[in-house]
Amino acid sequence: MTNVQKNRLKDQLFKFWGIGCTLIGLVLLIIFIGGILIDGLSRIDWAFITDLPSRKAEKSGIWTPLMGSVWILVLTAIISFPISVAAGVYLEEYAKKNRLSALLEINISNLAGVPSIIYGLLGLEVFVRIMSLGASVLAGALTLSLLILPIIIVATREAIKAVPSSIRDASYALGASKWQTIWNQVLPASSGGILTGVILALSRAVGETAPLIVVGALAYVPFAPSGPLDQFSVLPIQIFNWISRPQQGFIDNAAAAIIILLLITFVMNGIAVYFRNKWQKKLQ
Amino acid sequence: MNVIMTENTENLNTEDKIAEKYKLQTKDVNVFYGDFQAIKEVSMNIKPNSITAFIGPSGCGKSTFLRLFNRMNDYIEDFKMEGKIKIDDTNIYKNKIQLEQLRKQVGMVFQKPNPFPKSIFENVAYGLKIQGIKDKKLIAARVEKALVQADLWNEVKDNLNKSALTLSGGQQQRLCIARTLAVEPSILLMDEPTSALDPISTAKIEELIHQLKKEYTIIIVTHNMQQAARISDYTAFFYMGELIEFDKTKKIFTNPDKKRTENYITGRFG
């Protein structure tokens with residue numbers, strides 16, 4: 001075998017190795033989703049979505065945990081969005097580059113990697129006990145907001161960094177103040193990136209289970225929450241609850257609920273991708 | 001009554017004469033970036049309604065010097081400035097000076113066209129809107145006037161709501177000029193405004209600069225010696241942060257006093 005042939009062989013080998021590695025994740029996902037679809041698809045109908053939970057598998061619906069998840073999602077978005085975007089803008093535009101800001105930066109990056117159950121414990125202590133909100137939707141949303149704050153802050157900063165400095169220069173040179181420049185130029189130009197970060201963070205929040213269990217979300221709630229101080233359950237907890245039961249009927253219910261949950265996160269990720277593409281086009 | 005009137009007019013006239021003499025004065029200006037001295041003891045006076053070209057090799061400090069006049073260097077970390085810069089007899093580096101006011105008076109056009117990712121109209125209207133002007137008719141009138149002045153109106157009047165990014169490079173640069181003119185400054189700073197453009201767009205902008213001279217005091221940084229010779233009344237040659245020579249353009253290009261200026265002009269270095 002000549003050297004050229006050897007190199008070509010190595011090239012081919014690595015190519016197939018790469019294809020194999022790429023496929024592992026994909027194949028596993030397909031098997032998983034396939035299994036769930038077989039188990040759960042027949043269970044999904046309008047009644048499954050609008051029914052309250054029941055002791056009988058075939059009569060059970062996901063209305064209360066679905067509404068719990070929606071409540072959590074909306075409240076978390078309302079709480080986390082302004083706080084984290086403001087923090088991101090401050091760190092990127094106002095904070096002087098010194099040791100303190102470097103320390104803050106490292107801390108926020110690290111916070112994004114803290115296990116979610118730790119946030120659950122923090123939420124339990126601060127929101128449930130000290131602020132005595134109880135095991136309410138609000139306490140859950142505040143806890144999840146803490147969890148996703150660092151993610152959105154990091155995304156906001158990246159998006160702001162990507163705004164060309166020439167746009168800032170142009171705004172300042174026309175006599176704009178710092179705030180006018182940020183509000184009229186920097187934020188609109190980075191809104192796609194910020195929105196992408198927010199949506200991805202929220203889709204993570206929708207799937208979170210551990211911190212909410214710690215905060216005191218229930219596995220069984222008879223009614224959907226009607227206010228921020230009501231008790232609640234969320235889809236992942238309902239799924240966990242159903243899947244741990246012996247009857248096949250509940251296993252099927254769990255599969256069906258997983259399909260709904262996946263659908264929600266896929267749609268949210270899709271929206272995020274849409275915004276990102278639109279934003280990239282706009283800046284070029 | 002009559003006496004007072006004449007006195008007043010006389011006063012006005014003399015003040016006018018002083019103000020008219022020099023639009024912009026700098027005295028013993030030094031600029032430091034940390035330990036590096038970018039500008040060394042530069043003093044120059046610039047007359048109103050004149051075009052002054054700053055020439056010199058890359059890194060000679062001409063852009064830094066230009067950016068002093070609207071204080072755009074303030075954003076650079078470790079930037080330090082000594083000396084005096086006066087515009088219309090006001091020291092613009094006094095603490096009390098408002099940057100927003102200064103920049104309304106001293107407009108700037110950058111090297112690369114940098115329109116905002118917004119509509120053509122919004123680009124030109126931006127400088128007015130941030131001043132708090134809300135009168136839509138007034139804004140529309142000023143936008144049109146600025147676009148006419150920048151010789152762009154006929155090309156864009158039917159597409160004012162189109163994104164500014166759809167324009168060609170030359171059109172974008174004229175849009176940036178229009179955007180600056182809409183604020184009605186009295187001084188125009190141009191930092192190599194044609195270096196990213198093709199010859200036809202460049203010619204258009206040069207002609208435009210020539211027309212604008214009637215109403216504005218223009219300072220232009222350029223790498224293109226022919227451009228400096230073509231359009232400017234005065235030329236300043238910078239080298240290593242020093243102002244080597246500053247005189248009428250004709251003199252600089254035909255009979256410079258300093259050997260270094262002559263070497264640079266004739267292409268022996270730089």
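This is a predicted model: local features need pLDDT of at least 70, side-chain atom pairs count only at pLDDT 80 or more; totals for chains, interfaces and linings use all residues.
Local features need pLDDT of at least 70 and side-chain atom pairs count only at pLDDT 80 or more, whereas totals for chains, interfaces and linings use all residues. Residues are numbered from 1 along each chain as its sequence is written, chains are lettered from A in the order in which they are written, and side-chain values use heavy atoms, without hydrogens and water.

Visitor: Which three residues supply 30% of the area that chain B buries against chain A?
Guide: Buried area is the accessible area (1.4 Å probe) that two parts lose on being put together, summed over both. Chain B and chain A bury about 1,700 Å² between them, with 61% of it on carbon and sulfur atoms. More of chain B's share comes from these three than from any other three residues: Pro117(B), Tyr126(B) and Ile130(B).

Visitor: Which residue of chain A forms a salt bridge with Arg67(B)?
Guide: A salt bridge requires a side-chain nitrogen of Lys or Arg within 4 Å of a carboxyl oxygen of Asp or Glu. The count between the two chains is one. The closest N and O atoms are 4.0 Å apart, and the partner of Arg67(B) is Asp169(A).

Visitor: How many residues of chain A are in contact with chain B?
Guide: Contact means heavy atoms within 4.5 Å. On the side of chain B, 21 residues take part, and the number in chain A is 18.
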